[in-house]
Every structure is written in C-alpha cells, then in structure tokens.
Amino acid sequence: MVESTARWGRVALVVVSLALVAWAFARVAIREVFPSGQDSNRTELVVMHWSGAGGPAEDAIVDRALARFEEAHPGIRVTRLNPGDAGSFYTKLQTMMAAGSPPDVFYLGAERLSSYADAGLLLPLDDRLQSPGTAADFDLDSFYPATVDAFRFDDGRVGQGPLWGIPKDFTTVGFYYNRDLLREAGVPEPASDWTWDDFIESARAVGRLPGCTGAEFVTWPSMIRAVLWTNGVDLLDENDEIVVDDPGVVEVLERLGSWRHDEDNTLTSGRSETANPASRFLGGKLGFAGPFGRWVVPNYRSITDFEWDYAPLPRGTESANMIATVAWGISARTDHRDEAWQLVSWLTGATTQAEQASLGLAIPTNQVVAEGESFVDPGTPPSRDRDFLDPVAVSRVVPWPPNPALEGTVAKRLDQALRTGDLTVPEALQQIRNWWDVERSSPLASRSLPAMPWAWITGVFLVGLVIALALGWWMLRRTRPDPATVREERSGWLLVSPWVIGFVLFMAVPILLSLALSLTTWSGITTLDEARFVGGGNYEHLLAHDDVFWQSLKVTGVYALLAVPIGQALALLGALLMNVKIRGVSLFRAAWYLPSILAGVGMAVLFRWVFNAENGMMNVILEPALSPLGLEPPDWFVQDAEIFGAPAFAIMSLWLVGGSMMIYLAGLQNVPRSLYEAAEIDRAGPLRRFFSVTIPMISPVILFNVIMSLIGSFQVFTQAFVMTGGGPGDHTRFYVLYLYNQAFDYYEMGYASAMAWLLLLIILGLTMLTLRGSARMVHYEGLR
Amino acid sequence: MAQVRLESIGKTYPGGVRAVDGVSILIEDGEFIVLVGPSGCGKSTTLRMIAGLEAITDGEIRIGDRRVNDVAARDRDIAMVFQDYALYPHMTVGRNLSFGLLRRRQYSSRLRSLLSGSYRANRRKETGAISDRVARAADVLGLGDLLDRHPRELSGGQRQRVALGRAIVRDPSVFLLDEPLSNLDAKLRGEMRTELRRLHRQLGATMVHVTHDQEEAMTLGDRLVVMKDGIVQQCGPPVELYREPVNRFVASFIGTPEMNFLEGVIEEGGVFTSGSVRIELPKGRWPSVSVGQQVTLGVRPEHLERVADSDAMFTGEAEVVEQLGDRTDVILVNGNHRMTARIASGSGLREGDSASLRADLSQAHLFAVDDGENRIATK
C-alpha cells in the first residue's frame with residue numbers, strides 16, 4: 001500500500017516536471033511557429049527606438065505617430081520597443097541582430113551607419129523612394145541634402161553610394177551662452193558669423209567675473225574635427241590616415257589646450273568634470289557651453305534664473321559646422337519590406353516632422369518644415385532657432401572609417417592632450433597614428449579571411465558529446481551492477497536533470513561557443529555564419545600589438561595588488577571588532593554589511609562625488625591632513641589618474657568589505673574559546689594570541705576570502721564604467737571594461753572572447769599560485 | 001609550588017546569577033585537592049577564577065603570598081588542563097609543549113643581551129634549555145616518539161597526556177585541571193587516574209582538580225571539596241566525607257551505589273517508623289533526637305546484610321539483581337520503599353525473590369528534615 005503510494009507519487013512528480021519543461025519550451029515554440037497568433041491577416045512590424053534627451057516626451061511622440069499610422073493602415077500592426085537611452089538601445093539592437101531577429105524598423109545614428117551598413121544589416125532604400133506605398137507627405141527632395149548624405153555609405157566611405165536610412169531629425173552644433181553673464185562682463189552677444197577670437201575674448205571676459213568660468217569646451221572627437229574644419233584642416237586625410245605633421249592641426253589643437261591649461265578660468269579645468277558636461281551650464285556661472293547640438297535644449301529650458309541663447313560654431317579661416325543626425329533604418333532581414341518602407345516614409349513625412357518640431361526637441365530634416373513656424377519660434381528659448389538652420393549650407397556629417405575603435409581611441413588621446421594634459425598634442429596625434437597603423441595593417445582587418453567552419457565544429461562537438469555520454473554510460477554500467485543502485489542513480493539523474501539541461505544549454509554551450517569565437521573575427525551584430533576564422537590571430541594581436549590590453553592588465557593588477565591585501569586586512573579587523581560582545585553589536589554588523597547589498601551603479605555615482613577633486617569628501621578630509629606637509633590631495637580621476645586612478649578604485653572597494661567580514665566573523669566564532677584561554681595561560685599577550693592562535697585557526701577562511709577577492713578584483717567593471725569610463729586616456733581602463741569596449745563599442749566580439757579566455761587563464765594561474773604558495777601557511781586542522 | 005588561599009570568593013554573572021558564593025578554601029602547598037559536585041554547582045567557575053579566566057566578584061584569592069584578584073592569567077604562574085585539552089591543532093606536539101616556554105622570554109632581558117653582544121649565545125642557551133625541558137616532560141609522560149606529530153594524529157589518551165605535558169613543562173606553582181578525564185573512555189580514565197596520582201607524587205605540585213565524578217574525586221584527592229549551588233558543602237579527606245557527611249546531599253553524592261534514605265518519624269522507645277518499616281535505633285547513639293521528630297535514616301548499601309526473615313528490618317521483593325562478580329547489588333522494593341543492598345555474591349537471589357535485610361546501625365546516619373538536612377550528631 002505504502003509502496004504503491006510512493007510509486008504513484010514518483011510518477012506524479014515526473015509528470016509534473018515534464019509538463020513544466022514542456023510548457024516552458026512550448027510557449028517559445030508556438031511563438032516561433034505562429035508568429036502573429038490569431039491575428040494572422042495583419043502584418044506585424046517591430047519598431048525600436050530610444051528616448052534620449054527628449055525623455056518621456058520622445059516616447060509619447062513616437063507612440064502617437066505610430067497610432068496614427070496604424071489608423072491609416074489597418075492591415076499593419078506595429079509593436080513598439082523602447083529599451084531606454086541610446087546605450088541600452090544599441091545593446092538590445094546588437095543582441096537582436098546577432099540572434100537573427102532584428103526589429104523591422106529602428107533608429108540609426110549616423111555615427112553607427114558605417115558599422116551597420118558594412119555588416120550588411122540594412123536595407124538600401126533608393127529603389128523604394130518612388131514605390132506606391134510611400135507616404136503622401138514624404139518628399140526626399142525637400143530634405144536638407146547634408147542630412148541625407150549622412151546616410152549614404154559605400155566602400156568604406158560616408159556620403160556616397162546607396163541610401164541606408166531616412167534622417168528623422170538633425171542638429172548642427174554651437175555654443176550656448178549665458179546672456180546675463182555676457183552683459184555683466186560687458187561683452188556683446190555673439191553674432192551669427194562670430195570668430196574664434198570673439199569667442200575666446202568673450203570667454204576671458206566672463207572668466208574675470210568673480211566665481212565665473214568662461215566656457216565649457218568639450219573635446220569629443222567629432223566636435224574637435226568640426227573645430228578643425230573651421231580652420232581648413234582635418235584630423236584624417238582623404239586616405240583615412242591620421243594627420244600628424246600638419247602644423248595647422250597641431251596649432252589649432254595646441255591653442256585649444258593652452259586656453260585650458262595656461263589661462264585661469266577661461267575654460268573649465270579638467271578637475272571639475274561632472275557626469276554630464278552640458279549640465280554645468282545650469283549653475284549660471286558659465287559663460288559658454290559647447291559645442292553642443294539641439295539635444296541639450298530640453299534640459300536648458302528648465303533654467304529660470306538667467307537668460308540664455310545659442311550661437312553657431314565660430315568661424316576660423318572659414319565657416320564650417322558638423323551635422324549630427326538620426327535616421328529611421330530598415331533591417332535587411334525584414335520579411336515586410338514594403339510595409340516597413342511605408343512606415344519609415346510616414347515617420348519622416350512632413351506631418352510627423354512638424355508635430356515633432358513643435359516640441360522644439362529636434363530639428364526637422366525636411367527644410368520646408370524646419371523653416372516653418374513649427375520649428376522657428378523666437379518666443380521660447382533659444383530664440384535664435386535660425387542659427388541652427390543657417391549653417392547647414394557649410395555643414396557635413398563627420399565621416400569616420402568603419403572601425404568604431406578609431407573614434408574611441410581619438411577620444412581618449414584628445415582627452416589626455418586637451419583636458420587632463422598628460423600628453424602633448426603631437427604625442428597624442430602620434431599615438432593615435434601608431435595605433436591606427438597597427439589596426440589597419442593587422443591581418444584581422446583583412447576582408448578575405450576564410451569563413452568559420454561551423455558545420456565541422458558542430459560535428460566534432462556532437463561526436464565528442466556522444467562519445468562522452470557513451471563512455472559515461474559504460475562506466476556507470478561497469479561500476480554499479482547492483483540494480484537497486486542503478487534505480488537510485490536513475491532517480492538522482494532525473495531529479496537533477498532540469499539543472500543539468502539548463503547548465504548545458506545556457507552555460508556549457510555558450511562557454512564553448514566563446515572559445516570557438518575567440519578564434520574568429522565576428523562583429524556580434526551579424527549572425528554567426530559571418531564569423532571569419534583567424535586562428536590564434538586575436539591572441540597574437542592582444543599579446544603582441546595591443547598596448548591598451550597591457551595597460552588594462554596593469555591597471556587591474558595595481559588595483560588587485562592594493563585592494564586584495566588592504567581589503568582583507570580591513571575585513572579581518574572589522575570582524576575582530578564585530579566579534580566583541582557588546583550591546584548593539586548586531587547593529588554595527590548590519591551597518592558594515594549594508595554597503596555590500598547596495599546597487600553597484602548607485603554606489604559608483606556616489607563615489608564619483610566623493611573623489612571629486614575640488615569639493616569631494618575625500619579631498620576635503622585629506623586637504624587639512626596633507627597641507628601642513630606641503631602636499632596637495634590628488635586629482636584622483638583627472639590629472640593624477642595615471643598614479644591615483646586605480647588606487648582610488650581600490651579605496652572605494654574598501655566600502656564593500658562587509659561580505660568578507662561576515663565570513664571572517666563566522667570563522668572567528670568557530671575558534672574554540674579554550675584555545676585562547678590556553679594561550680593566555682601559556683603567557684601569550686593579545687598580539688601573540690592573534691598571530692599564534694587566531695590567524696592559523698582561520699587560515700582556511702583567509703585563503704578562501706583572498707582567492708574570492710582576487711577573482712573579484714579582476715572582474716571590476718561597473719564602478720569604472722560608471723565613474724570614469726576607463727579614462728582619462730586608459731588610466732582607469734580595467735580589463736573587463738576594455739573587454740566590454742571591444743565587444744559592445746567596437747563590435748569585436750571575437751577579440752573580446754579571446755580576452756575573456758585570457759582572463760580565465762590569468763585568474764586560474766593566480767589562483768593556483770595562491771593555493772600553492774599558501775600550502776604551508778594554511779592549517780585545516782582547526783576545521784576538523 | 002605554592003599555597004592557594006580562597007577567602008570567601010564569589011561570582012555573580014551579569015544576568016544576576018550567583019554562580020559561586022562565599023567559597024573559602026585553603027589549599028596547602030603540594031596538596032591535591034578535588035572540587036566535586038553536580039554540574040552547575042560552581043566548581044568550574046571557582047577553578048577558572050583561580051586561573052584568572054573569570055573575574056572575581058568578591059572575596060580574595062592568594063597564590064603564595066600574592067593577592068592575584070587583579071593579576072592577569074598569564075602572570076599568575078599557573079598551568080591549566082582543559083576538558084577538551086585545547087591543544088593548538090596547527091602545532092606539533094613539541095611546539096605545543098614549548099609554546100608556553102617561548103612566551104616566557106622577556107623582551108627586556110633580550111634587549112639587554114642584544115646590547116651586550118651575547119644575544120646569539122644566550123639565545124642558543126635558551127633554546128637548548130627549552131628543548132631540554134620539553135624532552136624531560138615528554139619523558140615523564142611517555143611522549144618522546146610523538147613530538148613531531150600533530151594533535152589530530154593522536155589518540156584521545158595521547159592528547160590528554162600532551163595537555164598534561166604542556167602544564168608540566170612550565171613547572172608552575174599551581175596546576176589547575178578542569179575535568180581533564182571526562183572525554184576519555186572508562187578504561188583509559190582509570191589509567192589516567194593512576195597516572196595523575198603518580199605525577200602528583202613525582203612533582204609534589206599543588207593541584208586543583210575539578211570533576212563531577214565522585215569516584216574520580218575519591219581516588220585522586222588528598223582532600224575533596226563538595227559543592228552545591230555555588231556553596232561549599234563539605235571539605236575534607238575522602239574517608240571523612242564518606243564516614244561523616246555533614247548533610248544528606250554530601251551523603252548521597254559520595255559513594256556508589258547511593259546511600260539509601262528512609263523518611264520517617266521517631267516513636268516512643270526510640271523506634272524509627274517509616275510506613276510499615278520499623279527499626280529500633282540503638283539507645284543513646286543520637287542523644288538529641290526526640291519522640292515525634294521527623295528524620296531521614298541513611299544507610300549505605302554496603303552496610304546492609306541479608307538475614308533470615310526473623311531478624312529482618314526490611315523485607316522486599318528483589319526488583320533488580322546486578323551480579324558484579326565479587327559482590328551483588330540488589331534493589332528490594334516494598335510498597336513505597338526501595339532499598340539498594342550490596343551483598344556477598346553467591347546468595348542465589350534472583351529477581352522476583354523475596355529477601356530480608358538488616359542494617360549495621362552503628363554506621364547509619366540520621367538527617368534532620370529541614371532546609372539544611374544536616375546530619376544529626378552521634379555520641
């Protein structure tokens with residue numbers, strides 16, 4: 001009776017488990033097989049966008065435009081995705097593209113065009129311009145030609161070839177200025193054709209006002225190139241070579257650097273960096289801020305205590321400006337090309353543009369709309385809307401070769417030369433040039449690499465799997481002939497099978513896949529069959545040619561060298577304190593542990609303020625302690641980042657010793673009290689007791705904590721990503737951050753996979769070394 | 001070697017629990033004294049107060065002629081053996097033994113020798129002296145072959161010996177032993193008892209031993225201190241405690257099997273009556289008892305003998321018969337009364353049989369029936 005109940009119970013359990021698994025997979029399968037469910041006579045389009053500076057307003061605009069579209073096109077249903085800001089958007093887009101199921105229609109920033117078009121992910125649009133479904137109010141001829149050219153790309157060059165996206169809005173750049181401060185400094189308002197001399201003189205005048213600074217001047221690569229254009233030079237020549245010896249380039253850049261470094265209060269100092277340089281203008285102590293585009297306007301409209309306005313980029317030897325623009329693109333893989341085009345032409349048609357323009361966030365790409373009243377509106381600031389439109393004639397999009405790492409590298413080096421000042425301009429240019437030459441001559445950049453033999457790899461993998469399973473089965477049979485044991489093992493396997501299946505599918509296969517990918521170049525935005533086999537090329541490039549790799553290893557190593565020993569010592573010390581029996585000790589324990597459960601990003605933001613050089617808590621505390629010695633507290637993340645960047649992160653990591661501390665506390669409480677008493681009677685003082693009893697008795701715990709924290713210290717990411725982004729230069733570029741840059745900013749997933757495997761080897765080696773080296777110091781006797 | 005003097009010492013724990021109350025004992029130089037009592041009686045606390053591991057709430061402790069109330073444990077010149085031995089698990093036996101000696105080197109003398117240039121020579125001499133002492137202690141306890149082993153590689157008895165060795169090697173003025181034998185099996189415990197006795201003789205040291213095992217206490221101690229609820233009940237040589245327990249608690253605690261107690265009343269003619277049991281008490285042995293007084297009669301099992309029914313003081317049915325070879329312990333039941341008797345073996349008595357007993361009343365005790373349950377004086 002009991003036995004049959006047990007058997008039925010077992011059967012029921014199996015049935016329930018199977019049903020659960022089947023249900024989980026069936027949901028996915030059904031979605032794949034019957035894509036649009038019961039509503040199969042309507043076409044479904046997936047649209048993805050972000051909400052940038054526009055915030056929720058942008059969300060509402062797109063939503064309303066789509067609703068109107070659906071109303072006008074009853075046969076089409078639109079699903080809207082909005083992952084958040086542009087960063088999350090591109091991460092999501094990349095994952096969807098790699099999975100082979102991209103959205104049909106999506107935002108496409110001009111700066112990403114070359115990567116996406118080059119990878120064949122976009123649908124060319126020229127043939128569709130006249131197709132029947134085109135929206136009635138769509139007319140490409142009335143668009144600003146420069147914005148349209150920004151989405152032409154062919155053979156590594158922007159501005160030529162097929163059209164890959166329809167620009168939805170755009171901006172030129174210039175300087176926002178504080179009208180009140182200019183008036184106070186006795187400086188005239190900038191004219192529409194003002195010059196760099198006008199600019200710098202006005203900035204100097206404002207800088208002389210008490211507590212004020214002349215200008216915030218961002219050194220973003222595209223902005224810097226626009227500045228160079230106004231002087232008739234450029235950073236890249238027509239062969240995409242970095243210009244190092246043009247005296248014009250060097251002179252312009254050096255002058256810019258000198259404004260910041262040699263003059264007080266003309267430009268904001270590197271020390272006073274905040275998260276968003278645009279938001280410094282809000283404080284009302286800054287004469288100019290820029291070069292920024294229209295995107296800061298929603299933010300600046302919250303200003304109530306001073307008047308502000310906008311002037312275009314000043315003129316040097318000639319007038320020039322840059323265009324930043326975002327288009328709607330269509331995926332090359334969409335099954336509904338016609339419907340997707342209908343939607344894109346609808347979204348970029350005059351009506352939708354006018355509606356968006358009236359909100360003032362974006363500048364319409366349709367000239368007629370832009371010049372009309374919906375955009376040009378002197379009533380709301382900025383009153384000089386025309387100054388966004390007039391420079392279009394001398395504007396172009398900033399062309400970057402289809403290698404996103406180039407812009408990243410230029411950004412890092414220019415930042416070091418123009419902001420923190422730890423490189424001279426010629427040094428910075430030379431470094432960019434050297435890096436670019438290595439990159440371009442690398443065999444990895446070749447377009448004629450063989451495809452990755454996936455079929456062959458999968459075959460080998462499957463054969464290996466079958467052999468392994470057969471071998472396992474055979475050993476099972478051989479060693480356990482007893483039927484009762486076999487039955488027991490069978491139930492055991494059945495019970496762990498959900499985990500085993502999950503592990504194999506979601507851990508083992510991706511791990512092996514990343515190993516295979518480390519032998520390829522693969523962008524991560526195409527499907528896997530686009531991966532090209534390079535053998536050990538990634539590893540060779542990493543070890544032999546990639547200076548940033550070694551730099552990131554150095555930063556990580558310095559961090560580990562500081563964070564592990566100091567952190568562990570502090571955790572142990574804390575645990576000793578927490579082990580004291582006093583009233584309310586659990587309160588202290590909770591307080592020390594609390595930071596460990598706080599979100600990493602929030603903590604990083606907090607600590608960016610703590611380490612702020614001018615009024616961060618750290619330096620406010622350090623200053624009185626150091627000044628009697630004639631020392632000054634370091635400028636942690638800007639000017640002194642080369643020496644103090646990684647240590648600052650190590651100091652910050654001490655905030656998180658609570659986790660280790662709790663483990664130490666558990667270890668301490670396991671040490672028998674009689675040992676301390678015996679030692680005391682053996683005439684050992686407190687220090688002796690600590691070193692001769694406590695330390696040996698908890699040595700296994702120390703080893704565990706040290707290894708865990710060592711592994712953790714090689715995986716620092718969030719803090720660096722949020723606080724410094726690896727900069728200035730590469731002074732705080734931790735290993736995993738660089739890995740992330742390669743994978744998600746530079747679209748080098750194969751290279752990043754190789755980095756991940758090298759990291760595994762490094763951590764494995766260090767762990768083995770620690771285990772071996774500590775063998776004589778760790779006593780497990782206390783655990784028995 | 002030293003005398004230890006406890007003068008009405010007391011211990012009150014923060015919660016208000018009074019663990020030890022007014023304990024006064026004079027432990028003579030070279031004496032082996034055993035603190036004994038049921039668990040929670042305060043014996044361990046007393047020992048730990050002597051050691052300096054537990055602060056003294058009131059009273060005074062003197063070791064030799066020094067008042068040590070406020071002296072740290074490490075400065076009291078004592079050695080202690082713990083119930084769980086407290087061997088340093090990460091050190092070899094040799095290191096365990098020498099640990100206390102290494103700690104004794106004084107920084108000031110080291111500095112002096114460093115300045116006088118004789119540091120190395122002194123150090124060598126010192127190290128030599130230490131290993132000599134370790135070797136001697138190991139010799140005494142038969143640990144010579146174990147010096148390089150770790151505690152985990154030793155048997156319970158060997159660990160016990162190392163713990164003793166760690167105490168011996170220091171040559172302290174007082175040895176404190178906190179239930180050192182309770183973790184050993186019965187056979188080993190017997191052996192170690194003998195060994196402890198031998199050691200005490202050999203070293204002539206003052207030893208204070210704590211146990212809850214009265215048999216261990218009887219066999220080891222020169223004197224016993226029986227404690228209950230933090231208060232000393234009686235202090236004296238084992239035989240004295242056995243023969244003349246001051247109260248019913250001590251009487252019941254000392255001796256196995258436990259003393260039999262009959263609660264009853266004195267009737268006319270000096271007859272002790274307890275239910276159906278009537279025992280005529282010897283005239284004049286307890287002059288102070290009066291007719292009608294409630295008393296408890298205590299008779300040890302070994303003072304009962306089996307007699308013919310006609311001479312019986314107590315008759316009952318044998319509930320349990322334990323054959324111990326040289327003797328037999330019998331539990332007789334009669335109504336509410338139970339009597340344990342230790343009789344000669346070979347009587348042929350079986351469980352369920354009826355038997356009669358007679359007590360040797362010259363060895364029996366009367367206890368008052370009151371809070372103290374003190375023994376009533378004999379003539």
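Reader: What makes up the crossing of helix H25 (residues 658–669) and helix H28 (residues 699–713) of chain A: what is the angle of their axes?

Author: The axes cross at roughly 170 degrees and come within 10 Å. This is a predicted model: local features need pLDDT of at least 70, side-chain atom pairs count only at pLDDT 80 or more, and totals for chains, interfaces and linings use all residues. Residues are numbered from 1 along each chain as its sequence is written; chains are lettered from A, and ligands numbered from 1, in the order in which they are written. An axis is a line fitted to C-alpha atoms, for helices over the stretch in contact, and angles run from 0 to 180 degrees between N-to-C directions. Helices (H or I, at least four residues) and strands (E, at least two) are DSSP runs, numbered from the N terminus.

Reader: Why are H25(A) and H28(A) called roughly antiparallel?

Author: Set the angle against the cut-offs. Under 35 degrees counts as roughly parallel, over 145 as roughly antiparallel, 65 to 115 as roughly perpendicular, and the rest as oblique. The crossing is at roughly 170 degrees. The pair is therefore roughly antiparallel.

Reader: Which residues of H25(A) and H28(A) make the contact?

Author: H25(A) brings A:Ser660, A:Ile663, A:Tyr664 and A:Gly667, and H28(A) brings A:Val701, A:Asn705 and A:Ser709. Contact here means that two C-beta atoms, placed from the backbone, lie within 7 Å.

Reader: How many residues of each class does the contact of H25(A) with H28(A) have?

Author: Three are nonpolar, four are polar and none is charged. Ala, Val, Leu, Ile, Met, Phe, Trp, Tyr, Cys and Pro count as nonpolar; Asp, Glu, Lys and Arg count as charged; the others, Gly among them, count as polar.

Reader: How many residues of domain 3 of chain A are in contact with domain 5 of chain A?

Author: 15 residues of domain 3 touch 15 residues of domain 5. On the domain 3 side, two are nonpolar, six polar and seven charged. The two domain centres, taken over C-alpha atoms, are separated by 37 Å. Domain bounds come from an automatic or database domain assignment. That assignment puts domain 3 of chain A at 174–312 + 403–441 and domain 5 at 546–783.

Reader: Which helix gives the most to the side of chain A that touches chain B?

Author: H26(A) does, with six residues. The contact takes 17 residues from chain A and 19 from chain B. The chain A side has seven nonpolar, three polar and seven charged residues.

Reader: Why is strand S7 (residues 174–178) of chain B called largely enclosed?

Author: A residue is buried if 20 or more other C-beta atoms lie within 10 Å of its own, exposed if 12 or fewer, and partly exposed in between; C-beta atoms are placed from the backbone. Five of the five residues of S7(B) are buried, so the strand is largely enclosed by the rest of the structure. B:Val174, B:Leu176 and B:Asp178 cover one side, and B:Phe175 and B:Leu177 the other.

Reader: How many bridges join strand S6 (residues 78–81) of chain B to S7(B)?

Author: Four, and the two strands run parallel. B:Val81 stands opposite B:Leu177. S7(B) also pairs with strand S8 (residues 206–211) of chain B in the parallel sense, over five bridges. There B:Phe175 faces B:Met207.

Reader: Which residue in the hairpin of S11(B) and S12(B) takes a positive phi?

Author: B:Gly269, with phi near 85 degrees; three residues lie between the strands. S11(B) and strand S12 (residues 271–274) of chain B run antiparallel, joined by three bridges. The bridge partner of B:Val265 is B:Thr273.

Methods. Pairing = 2+ DSSP bridges.
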